[in-house]
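Please read the following briefing alongside the sequence and the coordinates.

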Amino acid sequence: MEEKKHLLDYLAQIIQIFGITILVITVICHFTGDEARDYSTMFVLGSKGIPINTILQFLLSSVCVTGIRFLFFSDKIFKKMAIAKRTMAMLISVIALTGIFAYLFGWFPVNQAICWISFFICFGICFIISAVVSYLKETMDNKQLEEALKRLKEEQNGSINRSK
Amino acid sequence: MQINIEIQDDISDTIITIKCREQDIFIERLIAALQIIDRQIMVRYNENIIALNLEEILYIESVDKKCFIYTADKVYESFNKLYELQQQLEQYLFVRINKSCIVNLNNISSIKTYIDRRLLITLSNNEQLIASRQYANGIKALLGVK
């Protein structure tokens, strides 16, 4: 049952990453598709849409990114690793994976520095946004947990005093 | 087993007397259950059997089919199995956090979210334990957090 739940969690995560990637690329495609048509296989159809090949490539990359996340963020392989090190290792792995995919699938010309700079800018922005969102969510969750723990202890102490 | 109850107006505290042929495992368990009601637990420490107050317990861990009870400065051995202690102690805010561990929520200084939807629990002595994903949802439900 627990394994089934894990599998569903991974599938949900793959679909999440895949969905967000497609959404972002669709927006980029709408605005710059025609201009980027000659540089990237992602935009061969111009601003009309994303080719099926590219969609499948994104699905594959989502599976790989989820695999990398599983590798570094579950204690199955790396038992004792600081969160900062895990994040850094994941970041490097995802950049390397994207580089490999870009080269294999012609997402952008890998021999042009400007393309890499653009990639790092986009990746950096996405990473900062997701880090900020994660931090805010974590802070909120932790605050909620702290308050709930405090409330539960107070309730328990109250019931002890009443029963004495 | 015969149970006799004598109600007397002149006694200030309840006295339970057990009459038995020998102090066997059944009697030990009976005493353990009575002690828990009185917020104490029978434990073994250096070959001595003593009653430990529940509020002193930080956490209980099962290692190699034996149950050990951790306080701020000592480790005691329990006579009960982990699942038995879980059932007996859950009313006193003791909660299972992973396959081998029960924590006294009264002695937790903080709970924080941890990687892979687990929880990082810091005890009052600054020792840290991790609640597995399987039990994290139960802890959140107990705390009233979705």
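Helices (H or I, at least four residues) and strands (E, at least two) are taken here as DSSP runs, numbered from the N terminus. This is a predicted model, in which local features need pLDDT of at least 70 and side-chain atom pairs count only at pLDDT 80 or more, while totals for chains, interfaces and linings use all residues. Residues are numbered from 1 along each chain as its sequence is written, and chains are lettered from A and ligands numbered from 1 in the order in which they are written.

**Overall make-up of chain B**

- Chain B has three helices and ten strands, and along the sequence these follow the pattern α-β-β-β-β-β-α-β-β-β-β-β-α.
- Of the 146 residues in chain B, 24% are buried, where buried means that 20 or more other C-beta atoms lie within 10 Å of the residue's own, exposed means 12 or fewer, and partly exposed is in between, with C-beta atoms placed from the backbone.
- Two residues are in contact if their C-beta atoms, placed from the backbone, lie within 7 Å; among the contacts in chain B between residues at least 6 apart in sequence, 33% join residues at least 24 apart.

**The seven-stranded sheet of chain B**

- An open sheet of seven strands in chain B has the order β2-β1-β5-β4-β3-β7-β6 with antiparallel pairing, two strands being paired if DSSP finds at least two bridges between them.
- The edge strands, each of which pairs on one side only, are β2 and β6 (94-98) of chain B.
- From one strand to the next the twist averages 35°, with axes being lines fitted to C-alpha atoms (for helices over the stretch in contact) and angles running from 0 to 180 degrees between N-to-C directions.
- Strands β3 (residues 59-63) and β4 (residues 66-70) of chain B pair in the antiparallel sense over five bridges, with Ser62(B) opposite Cys67(B) in β4(B); their hairpin has two residues between the strands, and Asp64(B) takes a positive phi near 50° there.
- Three bridges join β4(B) to the antiparallel strand β5 (residues 75-78) of chain B, where Ile69(B) stands opposite Tyr76(B), and this hairpin has four residues between its strands.
- β6(B) is joined by four bridges to strand β7 (residues 101-104) of chain B, which runs antiparallel to it, and Val95(B) stands opposite Val103(B) in β7(B).
- Helix α2 (residues 82-89) of chain B lies across β3, β4, β5, β6 and β7 of chain B and runs at about 25° to β7(B).

**Ile49(B) in strand β2**

- Ile49(B) lies in strand β2 (residues 48-53) of chain B and counts as partly exposed because it has 13 C-beta neighbours inside 10 Å.
- Leaving aside neighbours within four places in sequence, Ile49(B) is in contact with Met42(B) and Arg44(B).

**A helix pair in chain A**

- Helices α2 (residues 52-73) and α3 (residues 83-105) of chain A pack at an angle of about 160°, with their axes 10 Å apart.
- The two helices, α2(A) and α3(A), are therefore roughly antiparallel to each other, a class that covers angles over 145 degrees, whereas under 35 counts as roughly parallel, 65 to 115 as roughly perpendicular and the rest as oblique.

**The interface between the chains**

- In the interface, 14 residues of chain B are in contact with 16 residues of chain A.
- On the side of chain B that touches chain A, β8 (108-114) and α3 (133-143) of chain B each supply at least two residues, and β8(B) gives the most, with five residues.
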